[in-house]
Amino acid sequence: MITARTSQLFYGGDYNPDQWPESVWPEDVELMKRAGVNLVTVGVFSWAKLQPAAGAYTFDWLDRVFNLLHQNEILVDLATATASPPPWFSRQHPESLPVNESGVRYSPGSRQHYCPNSTAYRNGSAQLVRQLAARYGSHPALAMWHINNEYGAQVGACYCDQCAAQFRVWLQHKYKTLDTLNEHWATAVWSQSYSHWDEILPPRLAPAFVNPAQQLDYRRFMSDSLLGCLLNEKSVLSEITPQIPVTTNFSGEHGMLKAANYFEWAKHVDFVSFNSYPDPLDADPADVAFAYNLQRGLGGGKSWLLMEQPASQVNWRAHNAVKRPGQMRLWSYQALAHGSDGVMFFQWRAARAGAEKFHSGMLPHGGTETRTFREVEQLGSELKKLSSIRGATTRADVALILDWENFWAVELEARPARINYSELVRSYYRALFEPDVPIDIVPPEADFSPYKLVVAPALYLVRHGVAEGLEAFVDNGGTLVMTFFSGIVDASDRVLLGGYPAPFRKLLGIRVEEFDAFGNQLRHIKTPMRGARCTLWADVIRLESAEAVATFTEDFYAHQPAITRNAVGRGLAYYIGTHLEPAFLRSFLAEICVDCGVRPPMRVPAGVEVTTRSNEHGEFLFLLNHNSTLQFVDIGPRIRRDLLSGEMIKGQCQLAPRDARVLQSA
Amino acid sequence: MITARTSQLFYGGDYNPDQWPESVWPEDVELMKRAGVNLVTVGVFSWAKLQPAAGAYTFDWLDRVFNLLHQNEILVDLATATASPPPWFSRQHPESLPVNESGVRYSPGSRQHYCPNSTAYRNGSAQLVRQLAARYGSHPALAMWHINNEYGAQVGACYCDQCAAQFRVWLQHKYKTLDTLNEHWATAVWSQSYSHWDEILPPRLAPAFVNPAQQLDYRRFMSDSLLGCLLNEKSVLSEITPQIPVTTNFSGEHGMLKAANYFEWAKHVDFVSFNSYPDPLDADPADVAFAYNLQRGLGGGKSWLLMEQPASQVNWRAHNAVKRPGQMRLWSYQALAHGSDGVMFFQWRAARAGAEKFHSGMLPHGGTETRTFREVEQLGSELKKLSSIRGATTRADVALILDWENFWAVELEARPARINYSELVRSYYRALFEPDVPIDIVPPEADFSPYKLVVAPALYLVRHGVAEGLEAFVDNGGTLVMTFFSGIVDASDRVLLGGYPAPFRKLLGIRVEEFDAFGNQLRHIKTPMRGARCTLWADVIRLESAEAVATFTEDFYAHQPAITRNAVGRGLAYYIGTHLEPAFLRSFLAEICVDCGVRPPMRVPAGVEVTTRSNEHGEFLFLLNHNSTLQFVDIGPRIRRDLLSGEMIKGQCQLAPRDARVLQSA
Amino acid sequence: MITARTSQLFYGGDYNPDQWPESVWPEDVELMKRAGVNLVTVGVFSWAKLQPAAGAYTFDWLDRVFNLLHQNEILVDLATATASPPPWFSRQHPESLPVNESGVRYSPGSRQHYCPNSTAYRNGSAQLVRQLAARYGSHPALAMWHINNEYGAQVGACYCDQCAAQFRVWLQHKYKTLDTLNEHWATAVWSQSYSHWDEILPPRLAPAFVNPAQQLDYRRFMSDSLLGCLLNEKSVLSEITPQIPVTTNFSGEHGMLKAANYFEWAKHVDFVSFNSYPDPLDADPADVAFAYNLQRGLGGGKSWLLMEQPASQVNWRAHNAVKRPGQMRLWSYQALAHGSDGVMFFQWRAARAGAEKFHSGMLPHGGTETRTFREVEQLGSELKKLSSIRGATTRADVALILDWENFWAVELEARPARINYSELVRSYYRALFEPDVPIDIVPPEADFSPYKLVVAPALYLVRHGVAEGLEAFVDNGGTLVMTFFSGIVDASDRVLLGGYPAPFRKLLGIRVEEFDAFGNQLRHIKTPMRGARCTLWADVIRLESAEAVATFTEDFYAHQPAITRNAVGRGLAYYIGTHLEPAFLRSFLAEICVDCGVRPPMRVPAGVEVTTRSNEHGEFLFLLNHNSTLQFVDIGPRIRRDLLSGEMIKGQCQLAPRDARVLQSA
């Protein structure tokens with residue numbers, strides 16, 4: 001449970017009173033109360049307002065905001081305001097501006113225009129945070145710290161000379177000697193052997209493919225550099241306000257911001273919070289669930305906080321559809337269903353001006369007489385009835401492996417095929433979403449002992465111990481599903497010799513002799529029972545101890561295995577040597593789930609999602625109807641309390657289009 | 001009427017004798033006379049030839065050109081030759097080269113490689129103009145000054161440090177104080193508050209959306225900077241040759257060069273001239289008419305000059321089709337029909353070399369034995385019969401509002417949808433083109449009292465007084481048609497609060513609760529009589545005093561208004577809350593035209609265009625057959641003179657494929 | 001015949017022992033012998049290993065490699081190791097890094113990061129080559145020198161200040177005076193006249209089209225600059241090891257690397273070698289043949305060496321398919337069929353790490369138990385039976401003109417249409433490929449007297465003497481086929497006046513009045529016998545002495561000539577004024593072949609390719625089955641020896657799918 005001064009689910013949004021005349025504030029607070037708001041995020045972009053010049057601070061306005069909110073029993077998630085350095089700062093420290101791959105230094109004028117390794121930026125932000133912590137650390141309205149904003153979302157990497165210097169320090173720490181670095185980077189290829197540390201540069205624009213290990217290390221280094229900014233601020237906060245929880249809002253499409261290895265980052269925040277922006281026009285509910293589920297996984301199963309979602313449309317797509325009636329509510333409940341302890345928005349009042357003015361707010365330009373505000377009000381009143389779910393967790397039998405280093409490594413250029421790692425991982429999530437089996441999204445080094453089934457798509461890069469962990473899992477009775485392009489390289493992107501997939505050859509009982517990448521052409525596979533299409537990739541597989549579960553039907557690998565199964569110890573290890581069409585993958589995994597005793601909490605109609613969370617107050621059943629039609633669910637003979645209506649129900653239960661219900665059983 | 005030393009319509013083209021051996025000149029002049037040429041534009045790219053080094057001028061060759069032309073009764077439109085600084089100039093003043101958004105300084109080697117705020121460029125060009133004016137100002141062949149060439153067409157904006165400095169000066173002049181600027185630019189958003197003028201920069205490459213008000217002001221500043229170049233030269237000319245009219249050739253696809261707010265520019269030239277380059281493969285005659293019509297509008301209704309068109313194909317498209325037989329003639333007459341007092345080409349003789357050698361000339365590489373030259377000769381001989389139309393003007397009942405600041409603002413990023421402003425405005429023009437109702441294209445601050453119908457597409461940005469002007473127009477009996485995304489922001493791109501479209505809410509009798517942008521998906525509307533498709537956008541409209549004319553048929557706004565009508569005073573205000581398919585829009589506007597008494601000069605078959613111009617010599621009826629088939633037009637019982645054949649005609653009148661006729665009635 | 005210390009066909013590949021532990025080397029050599037390898041290319045990317053610092057050389061490892069190979073009777077193609085300067089070098093000489101058009105200096109980290117005009121690079125590479133030549137020049141294993149690697153493939157042009165300075169030197173050498181340069185570059189256009197040599201710059205990023213003659217000269221200069229790098233190294237080798245043949249590996253899609261005018265380059269190597277990388281997914285066998293054939297043409301008919309091909313898949317496409325079973329063997333035989341005296345691969349052992357680790361090797365990651373290695377072994381054993389073909393040449397009756405200056409000039413921007421010169425030339429090659437007539441690919445200045453038919457697609461730019469050569473050819477009884485966009489400009493891209501196509505007007509007996517470019521729209525032509533589609537382009541042709549062979553059927557040039565034929569002296573000159581569909585072009589050229597007595601060596605089924613090579617050992621007939629089905633060929637009554645099986649055969653001969661046979665007749 002997220003520690004804070006409330007027993008309610010969090011409800012609110014970013015609040016930017018500094019963008020409005022002070023005369024508007026009383027209306028803000030009145031309407032917040034009407035909407036059920038109990039927490040607001042303040043100050044995300046207030047650096048210039050808080051510190052209009054080096055050494056000069058103006059806190060009086062923020063004092064008044066704090067007091068006004070506190071008087072109205074609204075808590076503050078105080079941002080450290082370091083997300084957008086003020087113009088005076090950029091002018092005084094031009095070297096703090098980030099530089100792109102081609103050497104172009106970004107200009108101020110938008111946001112996130114700082115190099116993560118800039119000493120000036122690090123010092124300047126720490127000073128500001130110190131001031132804020134000193135002034136507001138003991139204010140009774142302060143519920144949590146919100147460090148910076150969406151680290152790495154706009155500037156995922158900087159290539160400036162400061163970064164080059166820090167990269168060398170990072171590399172020296174990692175490799176100790178140049179010889180070791182040369183060995184890991186395989187610099188004998190293309191005459192890249194380094195004879196002095198100062199020769200090493202970021203992977204800047206070059207005539208051909210830049211050394212992949214160098215690129216991979218630069219990804220690691222940049223994730224660490226951005227994380228370093230967070231730790232730089234956090235160390236001040238830990239010193240001054242150790243009792244106040246600290247978070248930063250994670251972001252990225254489907255929760256997978258490429259710039260930040262969030263499994264590492266999550267270790268350094270008191271709870272995970274997340275900004276969720278699916279496209280109302282065409283988002284797949286399974287993808288929305290995936291991102292939410294990932295947040296739970298990042299935090300090791302703990303509840304997290306939906307820190308931002310739009311009340312309706314955003315401003316940054318080419319075409320920005322509004323959320324349909326009920327869609328915002330449904331996606332909010334979906335967040336709760338996957339472990340969030342609240343629902344927060346960007347932002348409270350739609351901006352009057354600037355780049356985000358067409359981003360919807362809880363309170364639109366049109367005021368309270370709008371569908372959006374009505375839906376915000378309704379949700380706020382409903383959440384008050386759901387306080388008991390705070391901190392509740394979910395137990396899963398299935399683990400899906402996701403790994404940032406594989407995200408980076410699989411998508412480097414000069415691979416056999418262009419694989420969209422996120423899409424591939426999500427295709428497996430989507431296939432498991434419909435049978436509604438509870439899933440944990442975990443890193444490759446996770447403890448697999450709680451699981452019956454582990455799914456590992458494209459585990460291309462294999463760090464020390466990973467293969468051993470999976471072997472032990474299967475040996476102990478687990479079922480493992482791996483895919484093509486797994487077990488290929490070590491952590492430095494060097495091929496693991498001995499026949500693909502070397503570290504998993506014994507576990508899988510196969511040898512992959514070659515892999516054929518044929519783009520979006522179609523091939524086919526068949527099992528004894530049925531056929532299916534596949535695309536992108538075909539492994540030419542030699543069986544060692546495994547048996548073929550499906551075979552290709554054409555090309556020179558016709559009649560050769562496409563999917564294999566190997567019995568190891570008390571478990572089973574499957575290998576899928578191609579990219580399967582969704583329908584087949586879904587039924588294939590469903591059969592495996594049945595075989596290994598993985599089942600959903602309840603059978604529900606297609607398009608209805610069901611999840612559970614449990615805590616000391618009992619088990620909460622979430623029923624979410626993603627259809628635009630009425631659905632009926634048989635919840636069985638057990639009597640449960642519908643938390644919204646207060647009714648005790650059992651048996652047939654009705655779900656209106658886009659409706660959600662939360663049922664509690666003791 | 002354009003003042004000049006001739007009573008003829010202008011006919012000729014750019015003449016670049018300095019690109020040819022002098023031995024070719026006599027043939028040039030002989031063939032010009034054969035073709036009916038009476039005006040040539042000289043010197044557009046002659047700076048290097050006129051001034052081979054700082055302080056050194058070589059005018060002898062131009063003296064000979066002037067004298068040769070004068071002896072042959074051909075007038076000179078003398079260019080100021082400042083469009084392409086010579087290599088010695090760029091080398092001597094490297095800081096005069098423009099810089100792009102990413103900080104790359106453009107290289108010489110093509111043309112228009114000058115920063116509009118370069119002091120060296122401003123001084124250098126003024127010195128050259130002074131020399132030219134002093135030497136040729138009183139030459140009897142000099143008919144007009146042609147300042148520079150297509151300002152802003154290749155370099156619409158420069159981002160160099162000189163521009164940054166001048167931008168600050170421009171801003172200081174506009175806002176006086178930093179506080180005012182901070183307020184207008186809403187710099188409280190994203191921590192952009194300026195504490196010193198020197199912190200302000202051009203909207204250079206930045207990590208995210210640059211402040212929209214900053215971008216908008218930079219557009220204004222750059223248009224003013226380019227205009228400043230024109231005024232810099234004009235002030236010299238006004239001083240030395242006040243009697244000679246001054247123009248510069250406007251350009252841009254459909255006449256809408258984004259870089260230059262031509263409504264402002266037109267105030268500073270003695271007459272508007274325009275370069276017209278529709279694609280012979282697929283240009284819509286309505287779009288060609290739009291651009292011509294716009295020139296008339298820019299000049300406040302005065303006649304203008306078609307300064308450049310190709311005799312046949314151009315060189316700069318991926319694929320450059322030739323003009324079909326008769327197409328050049330037809331589009332020439334179309335220019336006359338919309339107010340041009342002549343027909344000029346780029347260029348007289350097709351270049352032998354350089355980047356434009358595959359751009360057609362009046363005299364092709366193939367010489368006189370070519371279709372192109374035959375058509376040029378024919379047109380030249382016809383124009384001699386049309387002198388009486390000079391200065392004739394057109395009276396319109398319909399005004400179409402076009403506004404450069406809306407062009408800029410609507411197309412900034414981070415809008416609800418990607419709207420092509422030019423395409424949207426032209427879609428309304430095209431809808432009105434077929435019924436042949438005379439239209440004026442006007443700015444939002446126009447005097448609307450002469451009109452019965454005003455059409456205002458996407459009047460998103462509303463300056464002071466604009467709403468009041470439209471209200472008064474409707475109140476006095478006018479009919480107004482507005483569209484979605486109107487009345488949203490003030491001149492600094494700040495939302496006008498109070499419910500969309502705030503400044504027009506009362507006038508339109510509606511409130512727009514939200515707008516849904518769905519890209520190229522299709523939705524539908526229906527009226528009591530029929531249905532139609534719409535795309536891109538749907539407003540969710542609440543009726544206040546208006547009534548619904550059409551409703552949406554689907555999505556959550558089904559049965560809600562898509563088009564509304566509000567009776568205000570003696571007039572009517574329509575609002576169209578979506579992007580309508582062309583056929584429906586055409587018939588819808590046609591009905592409105594009928595209702596408010598707007599009619600065409602004559603009923604003509606589809607694909608035949610009819611316009612009128614009038615002056616002291618009577619009314620001229622232009623009939624243009626854009627079809628490739630023979631057409632018949634009933635011109636009624638009034639007897640008119642066919643200016644080309646000299647016949648007096650009435651009743652049924654025949655138009656060959658692509659033919660044009662000009663009929664005069666006293 | 002390529003001089004070297006073997007009587008075998010060359011078989012082997014790039015060998016990079018410096019990327020592997022020395023313990024792997026014995027296995028390498030053992031497996032090489034098993035695979036039949038007799039030549040390996042060593043040291044291509046070994047600069048950093050050979051010279052770890054300025055002045056420090058480490059040759060001991062290479063000594064051991066040489067000795068190991070020599071002991072095992074494997075020859076060495078020793079690379080000069082200059083393709084990728086080491087990090088220490090780039091750090092010490094930052095100005096040696098190349099700069100792109102926008103002024104961005106490339107970073108090291110990949111390869112080919114040198115400016116070809118860098119003095120430091122030229123000196124550094126010459127010093128290294130001198131060391132290598134001194135040390136290994138007399139080693140008995142040394143078979144040939146391999147200078148650098150794929151010059152210009154990654155960095156085809158540099159735009160730095162050193163290049164600018166050298167460009168001026170090159171121009172001074174070419175034009176002597178600025179006046180001459182101004183005249184050739186037509187700098188009177190757009191005010192570009194130069195008054196000082198130092199004003200001249202590379203064609204860097206500019207606001208509009210850069211002077212085309214400047215661009216063309218920069219292409220020439222850059223090809224010469226890269227060639228200068230080769231000559232810089234070669235001069236050292238010629239001095240120290242005059243007896244060792246020198247080559248460099250040519251590259252580029254279809255053999256047409258745009259950066260290097262290979263007809264000029266081929267004059268400076270002892271034999272041509274080539275890197276062949278068709279896409280296994282969709283390569284047209286005719287295109288593969290084209291590239292091979294071109295190598296023969298570059299060398300003036302002499303045999304050449306397939307220096308690199310992948311054993312299976314590559315790593316640099318988006319999706320990298322494996323070569324199908326038999327495909328590598330078939331394409332290898334196709335190289336032999338078109339004049340190669342060996343089959344070499346990149347590379348021997350698939351790399352374990354780095355950017356090319358997913359590029360296949362002769363010895364895959366999976367080792368010897370792989371299809372790839374089995375196919376490599378088989379081919380190696382077969383080649384030993386084919387030694388007698390070394391040096392054999394082919395006699396052709398058809399010449400196809402290809403010209404790098406036209407490649408550059410036709411594809412410059414601001415042309416009537418976007419023509420893909422390579423595709424256009426290959427469309428003529430493909431049309432002639434199916435009838436299997438032997439073709440030479442030759443430059444425009446070739447001696448045409450050996451040929452019956454000369455085909456010249458898009459001979460747009462015409463240097464001195466070219467028109468005269470073609471005239472003489474036709475006059476003496478030859479048949480010439482030219483196409484649209486021929487005879488348009490001189491070597492400085494200046495239009496040849498006098499009516500298109502001026503230099504060929506008399507020869508072709510036509511005048512082209514205008515050319516219409518209509519993109520991918522379709523038009524049609526018809527002949528007395530049939531109709532066909534055409535696209536892209538239509539010439540409006542006036543017959544002078546020619547007759548029409550086909551006419552257009554539509555548009556304003558309907559019924560006017562599309563293809564013409566002119567009898568000149570004892571020969572015929574055809575002109576094709578549009579871009580014809582493949583099927584028509586094939587049958588049209590086939591008829592012309594029949595008419596002028598050009599015939600294939602043998603009639604073969606569709607998809608079977610037949611070529612011949614001859615030397616003192618007799619005539620070798622190559623039969624290549626590109627089909628995936630069994631084919632039968634009637635080889636006639638003459639008895640021939642099947643070199644692979646050793647059988648003597650005649651009459652019906654069988655070809656398995658993707659099979660190849662080589663039949664010798666005395």
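# Chain interfaces and a parallel sheet

Arg352(B) and Asp490(C) are joined by a salt bridge between their side chains, with N and O 4.0 Å apart. This contact belongs to a predicted model, and across the interface of chain C and chain B there are seven salt bridges. Between chain B and chain A the count is six salt bridges.

**Relation of chains B and C**

- Two copies of a chain are related by a rotation about an axis and a shift along it.
- Chain C is superposed on chain B by a rotation of 120 degrees, with 0.0 Å of shift along the axis and an RMSD of 0.1 Å.
- The two copies are therefore related as by a three-fold rotation axis.
- Val104(C) is the residue of chain C that comes closest to the rotation axis, its C-alpha lying at 5.1 Å.

**Interface of chain C and chain B**

- Contact between these chains involves 56 residues of chain C and 52 residues of chain B.
- The area buried between chain C and chain B is about 4,400 Å², and carbon and sulfur atoms account for 58% of it.
- On the chain C side, the residues that lose the most area to chain B are Trp190(C), Ser191(C) and Pro207(C), which together make up 17% of what that side buries.
- Polar contacts link 25 residue pairs across this interface, counting pairs with both residues at pLDDT 80 or more.
- Helix H8 (212-240) and strand S14 (510-526) of chain C are the elements that give two or more residues to the side touching chain B.
- Of these elements, S14(C) gives the most, with 10 residues.
- Sorted by class, the side of chain C that touches chain B holds 30 nonpolar, 12 polar and 14 charged residues.

**Interface of chain B and chain A**

- Here 56 residues of chain B are in contact with 52 residues of chain A.
- Chain B and chain A bury about 4,400 Å² between them, with 58% of that area from carbon and sulfur atoms.
- One salt bridge between chain B and chain A pairs Glu514(B) with Arg371(A), where the closest N and O atoms are 2.7 Å apart.
- There are 25 residue pairs in polar contact between chain B and chain A, both residues being at pLDDT 80 or more.
- On the side of chain B that touches chain A, the elements giving two or more residues are helix H8 (212-240) and strand S14 (510-526) of chain B.
- S14(B) contributes the most to that side, with 10 residues.
- The side of chain B that touches chain A is made up of 30 nonpolar, 12 polar and 14 charged residues.

**Sheet in chain A**

- Chain A has an open sheet of nine strands with parallel pairing, in the order S5-S4-S3-S2-S1-S9-S8-S7-S6.
- Strand S5 (246-247) and strand S6 (249-250) of chain A stand at the edges with a single partner strand each, so one side of each has no neighbour in the sheet.
- S5(A) runs parallel to strand S4 (residues 142-146) of chain A, and two bridges join them.
- Within this pairing, His146(A) has Thr247(A) of S5(A) as its bridge partner.
- Strands of a sheet pair through backbone hydrogen bonds, in either a parallel or an antiparallel manner.

Technical notes
Residues are numbered from 1 along each chain as its sequence is written. Chains are lettered from A and ligands numbered from 1 in the order in which they are written. This is a predicted model: local features need pLDDT of at least 70, side-chain atom pairs count only at pLDDT 80 or more; totals for chains, interfaces and linings use all residues. Side-chain values use heavy atoms; hydrogens and water are left out. Copies are superposed by least squares on the C-alpha atoms of residues with pLDDT of at least 70 in both. Contact means heavy atoms within 4.5 Å. Buried area is the accessible area (1.4 Å probe) that two parts lose on being put together, summed over both. A polar contact is a pair of N or O atoms within 3.5 Å; within protein, one must be able to donate a hydrogen and the other to accept it, and residues adjacent in sequence count only if both atoms are side-chain atoms. Helices (H or I, at least four residues) and strands (E, at least two) are DSSP runs, numbered from the N terminus. Ala, Val, Leu, Ile, Met, Phe, Trp, Tyr, Cys and Pro count as nonpolar, Asp, Glu, Lys and Arg as charged, and the others, Gly among them, as polar. Two strands pair if DSSP finds at least two bridges between them.
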